[in-house]
Amino acid sequence: MGPVELLHMSVFSQSFSPCGRFLAAGNNYGEIAVFSLSAALSPDASQASQKPILNFTAHDGPVFSLLSTDTHLLSAGNGEISAWSWAELIKKSTKAAWTRKPSYETSLEIPEINAMIINPKDNSLIVGGGDNNIHIMDMETGIFKSVLKGHTDYIHCLCFKEREEEILSGGEDGAVRIWDSRTNRPVHCIEVFKYEECARPQFGKWISCLATDSDWMLCGGGPSLSLWHLRSMSPTSVFPLPGCQREAVFYQDLIMSVGEGPHVSHCLHGGTVKAQIPCTPSSLNTLALNLKNTEHRVMTVGGSSHQIDVFTNFSYRAFSLSF
Amino acid sequence: MSSDAVKKRKPKVIRNETGTPETKRGRAEGDQLSAVSSHVKFRKVRLRQVQVTYPAGPHLIGQRKLFTAKTQAVRVYNEEVELEARDPQQDYMLYKDTCAALAKLMAEIQELKAGGAKVGSVEIEERRTQCSVHFITLKKLNRLAHMRLKKGRDQTHEAKQRVDVLHLQLQNLLYEVMHLQKEIGKCLEFRSQHEEIELVSEEEFFQEAPAEISRPHVTRDDQHQLTLARLDWELEQRKRLAEQYKMSLARKEKIQKAIEQKREYLSSLQPGLQNIMQASLPVQEYLAIPFEHMQKQAEVSRHLPPPLYVLLVQAGAYGQACDKNLSVSISGDVDEAKALSRPPEDSQDDESDSDAEEEQQNTKRRRATVGVQLDDKRKEMLRRHPLSLCVDLKCKDGSILHLFFYYLMNLNILTVKTKVSTTTDLSGAVSAGELLNSESLLNCLYTSDHGKETPNPANRYQFDKVGITTFADYVSDLGHPYVWMQKLGGLQFSSDSALTGSALSASHMERTMKLLRGRLQARLALHKQFSSLEHSIIPVSSECQHLFPAKVVSGLMRWTMMSYQEFTELGFVQHVLKAGLVRETDLFFMAVVERGTARLLAAVVMNPRYPEVAPLFSLSLHWKGERSGRTDDNLQAMESEVNVFRSELQGPRPGLQLLTNQIQRLCVCLDVYLETESQVCDGSEGPKEFPREKMCLRTAR
């Protein structure tokens with residue numbers, strides 16, 4: 001990892017460990033780095049504790065998506081999903097537990113996997129990627145149960161509504177599709193760019209971030225970040241954020257989103273942007289909140305830099321972990 | 001009684017003077033005779049009628065008879081004999097009595113006289129007579145006393161004489177004893193020369209010496225004889241050895257003469273051999289065995305200073321063994337080199353001496369200024385050895401890299417000057433001026449080997465003495481002292497490896513030669529590329545065409561060179577500067593790619609070690625506003641495309657196409673970007689191209 005490579009590194013995905021003491025981050029060179037949060041947050045943290053405790057090459061292509069189950073870390077890159085046991089990773093062993101590939105129609109090029117979520121109800125893994133389809137895999141058996149087709153362009157993000165057991169997917173084609181996970185059928189399709197208040201044609205129509213909180217849905221990307229009421233299927237508030245947002249989450253009564261531009265935006269449900277916290281990368285790709293562990297309740301953001309900013313108090317940047 | 005009467009009583013008196021010792025015996029007798037006449041003279045005075053005999057000479061004791069004309073027997077009154085018979089104590093009593101009687105008589109006379117007696121009265125006369133008798137007695141006693149005294153003295157004297165004689169004898173004897181003792185001592189101390197001769201030990205002697213010399217039956221008992229025998233044997237042996245020595249000398253002389261003769265013969269052969277050599281020259285050339293040439297070179301190389309010699313040997317060996325296109329030759333003034341090597345200690349380290357000499361000279365001439373003196377000292381310090389090595393590296397395309405190696409004697413470092421000669425004419429590339437500049441051609445052959453500072457730490461002290469602050473000022477004149485060169489010459493200045501001398505040189509030779517050749521080729525290729533780049537043509541060779549799609553619309557508009565100063569002033573390169581990837585020794589260029597209204601500025605940082613270290617691109621796009629790699633993710637993607645994925649763009653070995661391929665890729669990326677961007681916005685640009693997967697990040701379209 002020479003200095004030139006470091007200069008051009010981008011962090012695409014993050015995931016906290018089930019115990020909440022470790023953070024895994026994936027970058028555009030296919031590497032996954034595991035950081036020890038407890039070491040970095042401890043009072044006698046030093047320069048060395050901001051370096052990963054383990055850094056290994058997981059995939060050939062960039063690691064676009066990381067997901068943690070109770071025991072494993074799932075990573076998806078160029079068309080294949082690998083699972084790594086957290087216990088093994090903490091012990092610095094880099095042998096994958098398993099590696100699976102959803103069946104793709106074309107074998108010309110291997111589509112990348114952009115998003116993964118877990119359906120806790122029936123313990124299945126939902127992946128969406130470059131082949132415009134959503135694949136559902138059973139975690140125990142590892143068999144890909146079903147394929148949800150509907151998107152006309154590749155899928156950027158996935159989201160799961162627990163109460164209704166619905167899968168939301170947003171893609172390059174600008175549509176947010178809602179699927180029923182039990183029947184595997186599309187329920188709704190919202191074309192966000194068709195709504196004038198959200199649409200931003202200069203950026204395109206693609207949806208790159210989705211988040212739900214019971215009845216509410218956040219989506220953004222080419223169109224501005226907007227809060228939708230799902231029952232009425234209409235946008236309630238539109239957030240005037242300049243760049244394209246790539247990830248957004250609900251947190252208590254705030255909405256936090258990251259995207260183009262070197263800051264994390266805190267927004268209120270009403271549609272106002274409360275604060276924009278500056279951070280080191282020039283544009284951000286991923287935001288993660290460590291809610292499982294009360295001790296290390298941090299927010300980490302990563303983007304087009306080899307550094308991952310850590311926020312202990314969500315209002316300002318505390319320090320940075322670096323690859 | 002009158003004195004006359006007394007005198008008359010003794011008519012013939014033999015009077016002797018009290019004599020002196022025995023040696024006057026003869027005279028004494030004569031004196032006796034003369035004493036008679038003197039008696040007559042002194043009759044009135046002397047009352048004494050004494051015959052004294054000398055104490056010595058027993059024959060004189062006793063009565064002596066005086067021989068006169070008449071046979072008159074003279075009775076000699078010998079008072080001496082009488083003296084022996086008398087007792088001194090009695091005499092003393094007699095004396096006292098006499099004195100008393102005399103006193104009494106005197107008193108009586110006094111009385112009588114006082115009583116009125118007459119002067120010539122009988123009683124007084126009687127008493128006077130008695131007094132006179134008493135006086136005579138007294139006189140006799142006095143005489144006796146004197147005689148006793150004299151006798152005593154004489155006896156003492158005689159005894160003393162005897163004692164003296166004996167004493168003398170004793171002393172004589174003592175002297176003699178001492179003398180003898182000394183002589184004995186001397187004899188004992190006498191070191192005969194024979195003891196200084198080292199003799200063989202006794203056992204050897206008895207073993208080796210023939211019986212007639214050793215005579216064991218005699219010598220075993222007698223030490224003296226043994227020593228003599230051994231000396232004899234020694235002498236014999238020495239004589240024998242002397243004989244042998246003479247013979248050996250004679251032989252040596254003969255052999256010497258023989259050698260001389262042979263030498264002359266050989267030297268007479270020399271001109272003949274020379275002729276043969278001359279005649280064989282054309283044969284050598286024909287057969288391509290430069291025997292003569294190599295001999296000549298070997299001759300000259302003997303005068304090379306050690307580092308240059310090591311370099312010569314190693315380079316020559318390498319050239320013979322591995323690399324046919326490497327050739328080494330020596331150039332320079334051999335006579336000067338010979339002159340240098342003749343006085344063994346040149347002024348290499350004797351700074352103070354040369355300074356002293358210089359100062360003397362200066363005072364002899366007019367007083368030179370301090371500056372001139374310092375200058376002279378500096379020149380002296382920076383003096384080059386008159387011989388230099390020329391190494392030629394030939395490349396396949398005919399261009400040659402000439403390296404001239406010089407040795408700075410006082411500083412003990414090697415420097416190099418370069419020259420490139422090519423078959424084709426290199427011109428028309430303005431930006432390439434720096435490339436083949438001899439100053440910077442060999443910059444950073446190994447990382448951070450700038451060749452501006454001297455690698456010998458000892459030089460720092462030498463510089464301080466003559467006031468040179470940086471060596472860099474003299475580099476252009478004297479050549480660059482690169483570290484790899486010192487290693488090639490076997491000079492080791494850092495404590496990294498334990499190799500010195502030839503081993504060090506050999507270990508570095510191959511790598512350095514390869515690097516040099518690679519450097520030359522890279523630079524030449526770059527030169528060619530630059531000349532076409534300046535004409536806005538990106539020269540992509542046929543091997544690399546497959547890396548790019550067939551149709552590329554964006555074109556290179558401009559290619560210029562920048563200085564380090566200008567580079568640092570650019571806004572969009574700060575991240576590169578901050579990351580510490582740029583150094584002053586790098587070369588900086590600016591490329592402008594245009595398509596339609598969009599202009600892409602690319603600042604290129606090229607490390608002198610191209611193509612091992614890839615050029616670094618920083619992009620800034622002017623199209624509907626200004627974006628740079630920092631602000632726009634797509635531009636960053638383009639940058640990483642060109643910077644990070646450079647291994648694909650290397651092209652065929654040795655990867656000299658890297659730069660042009662990178663530029664071509666930039667154009668392609670720009671195409672894609674513009675087309676996809678504009679697709680979204682207003683679709684005014686050209687036909688859609690299929691975006692390759694690489695460009696499809698989450699954020700790209």
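**View 1. An open sheet of four strands in chain A.** In this predicted model, four strands of chain A line up in the order 5-6-7-8 and form an open sheet. The pairing is antiparallel. Strands of a sheet pair through backbone hydrogen bonds, in a parallel or an antiparallel way.

**View 2. The edges of the chain A sheet.** Strand 5 (65-68) and strand 8 (98-100) of chain A are the edge strands. Each of them pairs on one side only. Across this sheet, neighbouring strands are turned by 20° against each other on average, direction ignored.

**View 3. Strands 7 and 8 of chain A.** Strand 7 of chain A covers residues 81-85. Three bridges join strand 7 to strand 8 of chain A, and the two run antiparallel. Look for A:Ser82: its bridge partner in strand 8 of chain A is A:Thr99.

**View 4. Chain B as a whole.** Chain B has 701 residues, and 39% of them are buried. Its elements are 22 helices and nine strands. Among contacts in chain B with a separation of 6 or more, 67% come from residues 24 or more positions apart. Chain B exposes about 41800 Å², with 55% of this area supplied by carbon and sulfur atoms.

**View 5. A bend in helix 9 of chain B.** Helix 9 of chain B spans residues 223-287. The helix bends by about 35° at B:Leu281. A proline, B:Pro282, follows within four residues.

**View 6. Buried residues of helix 9 in chain B.** Buried residues of this helix include B:Gln225, B:Leu226, B:Thr227 and B:Ala229. B:Arg230, B:Trp233, B:Glu234 and B:Gln284 are buried too. An α-helix has 3.6 residues a turn, so residues three or four places apart point the same way.

Notes:
Residues are numbered from 1 along each chain as its sequence is written. Chains are lettered from A and ligands numbered from 1 in the order in which they are written. This is a predicted model: local features need pLDDT of at least 70, side-chain atom pairs count only at pLDDT 80 or more; totals for chains, interfaces and linings use all residues. Side-chain values use heavy atoms; hydrogens and water are left out. Two strands pair if DSSP finds at least two bridges between them. Axes are lines fitted to C-alpha atoms, for helices over the stretch in contact, and angles run from 0 to 180 degrees between N-to-C directions. Buried means under 20% relative accessible area, exposed over 50%, partly exposed in between (1.4 Å probe, protein chains only). Contact means heavy atoms within 4.5 Å. Accessible areas come from the Shrake-Rupley method with a 1.4 Å probe; for residues, only the protein chains shown count as cover. The bend at a residue is the angle between axes fitted to the seven residues ending there and the seven starting there.
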